[in-house]
Amino acid sequence: MYRPFPAEVFLEKMPKTVERVAVLDRTKEPGASGEPLLLDVQSALYDAETRPLVIGGRYGLGSKDVTPDQILGVYSHLTSSKPKSRFTIGIIDDVTHLSIPSVGSKDLTNKQTFQCKFFGFGSDGTVGANKAAIKIIGDHTDLNVQGYFSYDSKKSGGLTISHLRFGENRIRSAYLISEPNFVSCSSASYVTQYDLLKGLKPGGTFLLNTVWNEDKLERHLPAQMKRNLAEKNIQFYTINAIKIAANAGLGRRMNTVMQTAFFKLTSILPFEEAFQALKDSAVRTYGKKDMRLAEKNIRAMDDTLAHLKKIEIPSSWKNSEIENVPQDADKPAYVSRILEPVNRLEGDSLSVGALIENGMVDGSYPQGTAAYEKRGIALEVPEWVSDNCTMCNECAFVCPHAAIRPVLVNEAEKEAAPAGFITREMRGKDGLGYRIQVSPLDCTGCNLCAHACPAKDKALVMKPFEEMEEKEADNWSYAVTVTPKPNPGKKETLPGSQFEQPLLEFSGACAGCGETPYVKLLTQLFGDRMMIANATGCSSIWGASAPATPYTVNQDGHGPAWANSLLEDNAEYGFGMHLANKTLREALAHEVDVVLEQNEVSENLHVALSNWRDGMHESEGTRERAEDLQLALLAEMDGHAELEALYAKRDLFLKRSQWMIGGDGWAYDIGFGGIDHVLASGEDVNMLVMDNEVYSNTGGQSSKATPMSALAKFASSGKRMGKKDLGFMAMSYGNVYVAQVAMGANKKQLMKAFLEAEKFDGPSLIIAYTPCITHGISAGMKTMLTETDLAVSCGYWNLYRYNPDLIEKGKNPMVMDFKNQISTSSMTF
């Protein structure tokens, strides 16, 4: 019911024979005696002639699907001798024992209704194609249609599941499909990650996009899937949709191919009629943008029919032996008991007790768990050509997912390495071998590294995923076990920075993401002491895609502390972190002063305390001073209460590097007031604004960072106002370090800006140009660096650093970091 409701009408309609009532609320009110609707119903019945027993339950929290078996469970519970006054459904509560079991079938959909599930790959067009299919079927038949689309927590490249129903009878099933007639899978990597055939009806149809032939299907399909295909007499079809789409000039967008195959394999609509409707839809959808694009889609449709292949299922598949995979003893319990079940889409089966046992009680997550996901979503993976490599490390510098890295090995490690672990001698470092290593299962295949390689004959060549997984998976596993080596270069240089471990790795960001390379670089420079306040947006999605965490720690257990806040208060949130840490360190400094004044400690400890006190606000050398003081205290604190008190606060010895990170929706729009407040405070904090000039996380809506005349949602005829100059506004304070950077245009300037901003004793603001998949770059995100370079070269995006420290030295604080490269040639139309 909707609240509020007329109590007299409710009492009039409720049958007099009702003895028990269960009220379900889709909310949780911890401080109340019951949920809102429950209290309203109880209040309405208070003065009624009939006084039935009223109990209250919670349902559907956390977007949990509510299925018929759960509702039947409520009715069953009402008939019990002692119903619980408060209960939950849809979860397994083995702690408070308030959950009630489900009863009966999960699916009460009419048997004549045709149900379909499409497992898609985010940004491959599957969802859009299925929305178009619903419209085609609805327009060309008298069937009732229904569609629902679910997504995982990753950006493009994540899992999408489309649930479609078609039938002559009215469709009243308000829950996900559990017993489909047809299942389609757009990525072959899903066959080992998900139970794709779960619930598929006997005789149903399974369509798989794959490059595998019959022999490779025999090798790669899991035994359980083979059994299901054979035992249920499933009609199994394969198609190489990626190849068809690529040949038609559509890149990875294979939605047209899979959509055509769907209509061919089902009898929902006569195929000739459906085929023509698909072509007409392509012309309507794409023709108004570019008729050539519509023609490419039609070409892909025609090609689909010739390459759709039926697989004859061998009878031997019925007897496929299911192997018990041994558990990795080194794998954290959280990974095996929480992360892996959730990633298999089995999270609803986890009990409350399991969550508590694995530490999920306070909103914190263990770091570095994204390294265990191994999604294997790339179509192509770079192969290192050692003879062509210049050891510049630019490939690692630009990689959005930290999936390609330079590796250094000594002689003993060379000898113990796998056979294909080829190395080159590291220049200037006798005995050390150098190698660029890629993780095929973590790579997204964006091709950015190969494009960034400056070698005349490229040192990175894209190869098919299956080939590279076979060759490089063991090499990667070995590379991450070699001992860390001292940085052979300077950490403050581009090549040297990449010998530092990235403390942001394998995130859920889009392939070719323009944001993550900036943040990854920050973690390589300052990550062991960073505190990050993150504004909701893309960076909160790829930065905390539950249940995995891409922020990780180094071999000493040090890494960024990360927390997310809202768009409107992220600057204040990070400011609060800074002030709390500052207050605690000032109190510690007072305690250190007291100990120094007493002068009752050894000379060694006195020096360590003095060095720490003198440099407590300096970033450079803070780790060394903190470790020296910790060791000195440890050596002589026994029996000295003051020294033991200092040692207990050793986590405060290190100067934290406070960062507020977010996109232009935060910085230019909703959170601007907070940013202005924090910049005006004069405190030593840093802000990184990843400016992609639209609200990319919510679909590309216009923001105050969107330039004049740009087309975006809410500005479909072109934005009428110009772009806000955030940097100029910050510079007006005079005591704020401000820089504009663009990774693809000037990497050295980017490094300088990060280092100067962190060193600056006061607020800093760095605005980073960030191309995005939302921009619809025709050549794809592999040209992300080229796009940033073009933005600078044409004069659109200025590279500068405004450093107030230069004023004290009698210099101009404004440094322009690009030459006048504006082309004198004009485009022909």
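Student: Where does proline 547 lie?
Tutor: Proline 547 is in the loop between α19 (538-543) and β17. Helices (H or I, at least four residues) and strands (E, at least two) are DSSP runs, numbered from the N terminus. This is a predicted model, with residues numbered from 1 along each chain as its sequence is written. Local features need pLDDT of at least 70, side-chain atom pairs count only at pLDDT 80 or more, totals for chains, interfaces and linings use all residues, and side-chain values use heavy atoms, with hydrogens and water left out.

Student: Is the bond from alanine 546 to proline 547 cis or trans?
Tutor: That peptide bond is cis, with omega near 10°. Arginine 3 and proline 4 are also joined by a cis peptide bond, with omega about -10°. Proline 4 sits in the segment before α1 (7-13).

Student: Backbone angles next. What is phi at serine 63?
Tutor: Near 65°, a positive value in a residue other than glycine. Most residues other than glycine have a negative phi, and most peptide bonds are trans. Serine 63 is in the loop between β2 (53-58) and α3.

Student: Serine 63: buried or exposed?
Tutor: Exposed, because its relative accessibility is 70%. Buried means under 20% relative accessible area, exposed over 50%, and partly exposed in between (1.4 Å probe, protein chains only). Phenylalanine 714 also has a positive phi, about 75°, although it is not a glycine. Phenylalanine 714 is in the loop between β21 (701-702) and α26 (726-731). At 76% relative accessibility, phenylalanine 714 counts as exposed.

Student: Which residues of α10 are buried?
Tutor: Ala294, Asn297, Ile298, Ala300, Met301 and Thr304. Seen down the axis of α10, they fall within an arc of 155°, so they line one face of the helix. The arc is that of the directions from the helix axis to the C-beta atoms. An α-helix has 3.6 residues a turn, so residues three or four places apart point the same way.

Student: What's on the other side of α10?
Tutor: Arg292 and Ala306, which are exposed.

Student: And what covers the buried residues of α10?
Tutor: The cover includes β9 (235-239), α7 (241-247), α8 (255-265) and α9 (271-286).

Student: Which residues is lysine 264 in contact with?
Tutor: Phe271, Leu305 and Leu308, leaving aside neighbours within four places in sequence. Contact means heavy atoms within 4.5 Å. Lysine 264 lies in helix α8 and is partly exposed at 44% relative accessible area. Lysine 264 and leucine 305 are 41 residues apart along the chain, with 8.1 Å between their C-alpha atoms.

Student: How about α4: which elements do its buried residues pack against?
Tutor: They pack against β4 (114-121), β5 (144-151), β6 (159-167), α8 and α9. Among the buried residues of α4 are Val127, Ala133 and Ile137.

Student: How many salt bridges are in the whole structure?
Tutor: A search finds 30. Each is a side-chain nitrogen of Lys or Arg within 4 Å of a carboxyl oxygen of Asp or Glu.

Student: Which residue does aspartate 302 form a salt bridge with?
Tutor: Lysine 279, with the closest N and O atoms 3.2 Å apart. The pair links distant parts of the chain: aspartate 302 is in helix α10 and lysine 279 in helix α9, 23 residues apart. Aspartate 302 counts as partly exposed, at 39% relative accessibility.

Student: What about arginine 405 and glutamate 505: how do their side chains meet?
Tutor: In a salt bridge, 2.6 Å from N to O.

Student: Which residues are linked in a network of salt bridges?
Tutor: Glu383, Lys463 and Lys471 are linked that way.
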